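Take a look at the chain shown here. Keep both the sequence and the 3D view at hand as you read.

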Amino acid sequence: MSVSTPLLDTIEPDEPTVAPTGNIASKNTTPRAPVVLTPTSHNTQRMATTEGDAESGISGIFRQSAHPLALFFLYFFRVAAITVYILCGFFTDNYVLSTVIVVVLLAMDFWNCRNVAGRTLVGLRFWNQVDDDGESYWVFESRDPSRPANPIDSKMFWIALYSFPLLWTALLIVSLLKLGFAFIPIVGLALVFNFTNAIGFTYADRDAKQKLANSMSSTWGLGGIGGSLLAGAVKNSVGRVFQR
């Protein structure tokens, strides 16, 4: 390149560029769907997927119960009596003190089950009454069938009513095998209290079913064989509102 040649004459111009035309914003105006992130932790498989699973367990039972306080004391007195009976020998050698505590708990459970728990949880009551002639007879009461008991309350009541007599029977067998004759009177008293309530409420339940069957047959004007068939059907099916 000569020195006399101007510098601008040696620079080649750039290729012409074509300016973009059209509406740039009109290429793709469709909004994109939002991305939702889903956790993939394995712990989600252990979570409750239904309402029944979420309400399972002891806390779920008390949440679904219509009378949680009555249900709590029904099991509290019964569990406490058995617990004290089994563990009293590990904490004290005082036989009289242990006997008194167990008997008091059994008496409180008997009164609570007969007068409070049975009436509030399943709507049943029973007692023994003596007439003017000196004859005693059983009296049964039941709630209005149009207001059935809470299914959780009813189920837990019947479980407690029938399971704890079996537990005391097992403890009686253990006492006999271990030759623990000193504790047999306590177990015998517990069996009397528990079986009395179990038998009484069982007959009260049957009486409630019979009353319901009789009221339905009289309302529909059925008699004879028809009324008997209806009474039997109600006792076996419709009367299950009082069952556990």
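**The chain as a whole**

The model is predicted. Its chain has 244 residues, and 30% of them count as buried. The secondary structure comes to seven helices and two strands. Read from the N terminus, the order is α-α-α-α-β-β-α-α-α. How far apart in sequence are the residues that touch? Take the contacts between residues at least 6 apart: 67% of these join residues at least 24 apart.

**Confidence**

The average pLDDT of the chain is 76. A score of at least 70 is reached by 65% of the residues.

**Helix α3**

Helix α3 covers residues 68-91. Where does α3 bend? The bend is at tyrosine 85, and it is about 40 degrees. Tyr85 is also one of the buried residues of α3. Others in that buried set include Ala70, Leu71, Leu74, Tyr75, Phe77 and Arg78. Further along the helix, Ala80, Ala81, Ile82 and Cys88 are buried too.

**α3 meets α5**

The axes of α3 and α5 come within 10 Å. They cross at roughly 10 degrees. Angles under 35 degrees count as roughly parallel, so α3 and α5 are roughly parallel to each other. Which residues make the contact? From α3 they include Leu71, Leu74, Tyr75, Arg78, Val79 and Tyr85. From α5 they include Asp153, Met156, Phe157, Phe164, Trp168 and Ser175. By class, the contact has 18 nonpolar, one polar and two charged residues. Ser175 is the polar one, while Arg78 and Asp153 are the charged ones. Buried residues of α3 take part here: Leu71, Leu74, Tyr75, Arg78 and Tyr85 are among them.

**Leucine 179**

Now move to the loop between α5 (151-177) and α6 (184-219), where leucine 179 is found. Is leucine 179 buried or exposed? Its relative accessibility is 58%, and exposed means over 50%, so leucine 179 counts as exposed. Its backbone stands out as well. Most residues other than glycine have a negative phi. Leucine 179 is not a glycine, yet its phi is positive, at about 60 degrees.

Technical notes:
Residues numbered from 1 in each chain as written. Predicted model: local features only at pLDDT ≥ 70, side-chain atom pairs only at ≥ 80, totals over all residues. Heavy atoms only, no water. Bend = angle between axes of the 7 residues up to and from the residue. Helix = DSSP H or I, 4+ residues; strand = E, 2+ residues; numbered from the N terminus. Buried < 20%, exposed > 50% of the residue type's maximum accessible area, 1.4 Å probe, protein only. pLDDT = per-residue confidence, 0-100. Axes fitted to C-alpha atoms, helices over the stretch in contact; angles between N-to-C directions. Parallel < 35°, antiparallel > 145°, perpendicular 65-115°, else oblique. Contact = heavy atoms within 4.5 Å.
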